Amino acid sequence: MRSHIFLSILLAACSDYDIAGGDKLVPGADDGTAPDILVDPALIAFGQVEVGTGLSITENVTVTNLGDAALEIYGMRLDSDYGAVYTVSAISSVLVAPGATSFFTVTYEPLTAIEYGARVLIDSNDPDEPQASVELTAEGVAPMILLTPDDYSYGTLDIGCGALQPVTIKNAGNANLIITELAYAAASVDELQFDANLAVNGALPWELLPDEEVQVLVEYTPLDDYPDEAYLSVTSNDPAQPDAQAWQDGGGRLIGENRDVFEQPIRGASDILFVIDNSSSMGNEQASLAANFEFFAAGLVALEVDYQLAVITVDDPEFQGTARGVPIITEDTDDVVAEFIAQTNVGLISGVTESPSEMAYQSTSSGGDAGPGSDFLRDDARLAVIVVSDEPDYSPEEWAFYLAHFQGLKADVDDVVVHAISGDWPSGCGDASATDKVYQMTVETGGLYLSVCAADWASHLEALVEASSADLTSFELTEEPVPETIVVRVDGITTTVGWTYDAVGRSVDFDESHIPDGGSTIEVEYALQGDCEG
């Protein structure tokens with residue numbers, strides 16, 4: 001302020017200055033005199049300075065008037081946004097007499113690891129150089145974190161469909177970056193999930209050299225149609241950005257909802273067809289079956305199975321019990337064990353062509369003893385075919401033909417299961433061969449294939465009764481669900497324990513201790529799985 005007052009007095013007293021443009025003074029043209037500015041140094045190279053140490057560097061700049069008229073400094077400014085890095089002091093005098101000097105200082109303190117190029121611009125009344133400058137160069141030494149992408153939108157995805165987005169953490173600085181902590185904040189941790197990829201990146205802390213980078217993963221799977229947002233926070237030794245953040249957002253699109261209702265049977269029903277090999281080599285095996293059937297019968301009682309049993313042979317599709325007046329054995333049959341033993345005493349015949357699949361096919365075909373419309377085949381019962389043989393299956397058709405027939409008898413293919421007690425697969429055991437076609441059907445239906453050479457047939461029959469009984473634990477859904485949206489109610493009460501979702505069978509499966517009681521109503525509600533490939 002004092003300099004400006006002095007300048008005004010001086011101009012009022014002298015005639016060598018004229019007013020140009022009404023507000024700036026220029027040298028008077030009468031005597032040919034003019035100011036001439038010289039700035040020294042014209043370049044200040046501060047070099048590299050470590051960030052965060054509090055270290056700063058100050059350099060002096062001298063402004064000399066080489067002319068023969070007074071030099072007036074109108075103003076000084078930086079031509080960049082580095083005002084927080086470079087500090088320019090006020091000039092010691094805004095009016096510099098001919099041959100005199102004025103000065104100011106420039107102080108540099110870096111904030112991060114970049115090259116700071118700038119100029120100090122000096123406006124004056126020098127007619128030849130109205131704007132002089134001092135070029136400034138410097139570089140901060142520091143790690144510098146760079147998150148890519150730092151703001152990402154998954155858009156709108158069908159509910160249940162996931163999308164994976166990597167986030168790259170890079171050291172864009174010129175000193176080692178040390179990452180000490182990763183934190184992920186999401187309103188719904190089930191929908192936006194973070195994976196630090198530790199199997200690849202190793203445990204924290206991570207030390208990244210300049211230009212080195214790592215990737216972490218964020219997966220988004222919307223479970224409802226509400227918008228979702230989350231962010232990754234990365235803590236490091238970057239002095240300018242010690243807690244860097246990368247944001248993610250997205251939304252879900254509901255394709256539809258479904259509600260399946262099931263009525264639990266009072267008792268599970270099973271129709272069990274035994275196919276017994278009656279060839280001359282089966283004496284011991286028939287005896288073992290008869291001697292241990294009591295374990296099978298006891299298992300039926302223990303599981304409260306509403307059962308029907310029938311017996312045929314590998315060369316005859318008719319029920320063995322028909323001639324005895326008991327074609328079908330049920331829980332109402334007098335002495336179930338004795339009757340079954342009598343029916344499985346089918347004799348030993350030389351020259352039998354073992355065709356268990358064909359005989360079971362004929363028996364369960366229209367007009368057969370176990371066919372549609374017969375007393376044996378019930379709509380609400382599970383069909384179990386149990387083959388006991390020590391020879392290959394010489395049935396004329398391929399196994400897939402027979403399996404398709406058996407499964408076609410039921411509205412739900414899971415209501416059909418095929419088991420076998422036969423020679424070990426694939427090479428047999430002792431003198432017993434594997435029953436090949438039957439083996440393939442056991443695999444496809446999830447049945448049991450047990451060794452005919454085993455000494456312990458009791459455990460065989462105990463396992464068979466459980467595997468042949470109607471499944472009261474599993475409820476197949478009519479549509480593909482989003483698993484996380486499944487809500488299960490038993491008699492109107494929501495239950496969150498005691499059941500799991502089986503994606504392969506598309507079913508809700510209860511564990512043994514939580515099987516709904518007979519007569520219960522099971523409701524399953526869920527969001528429909530969207531088209532994740534589209």
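Reply: In E11, Gly140 is the bridge partner of Val49. This is a predicted model, in which local features need pLDDT of at least 70, side-chain atom pairs count only at pLDDT 80 or more, and totals for chains, interfaces and linings use all residues. Residues are numbered from 1 along each chain as its sequence is written, and side-chain values use heavy atoms, with hydrogens and water left out.

Me: What makes E4 and E11 a pair of strands?
Reply: Strands are DSSP runs (E, at least two residues), numbered from the N terminus. Two of them pair if DSSP finds at least two bridges between them. Six bridges join E4 (residues 43–50) to E11, and the two run parallel; E4 and E11 therefore pair.

Me: How do E10 and E11 run, and how many bridges join them?
Reply: E10 (residues 118–124) and E11 run antiparallel, joined by six bridges. Ala118 has Leu136 as its bridge partner in E11, and a hairpin of six residues joins E10 to E11.

Me: Which side chains of E11 point to the buried face?
Reply: Ala132, Val134, Leu136, Ala138 and Gly140 point to one face and are buried. In a regular strand the side chains alternate between the two faces of the sheet.

Me: Why is Glu304 called exposed?
Reply: Buried means under 20% relative accessible area, exposed over 50%, and partly exposed in between (1.4 Å probe, protein chains only). Glu304 has 52% relative accessibility, so Glu304 counts as exposed. Glu304 lies in the loop between helix H3 (283–302) and strand E23 (306–313).

Note on methods. Helix = DSSP H or I, 4+ residues; strand = E, 2+ residues; numbered from the N terminus.
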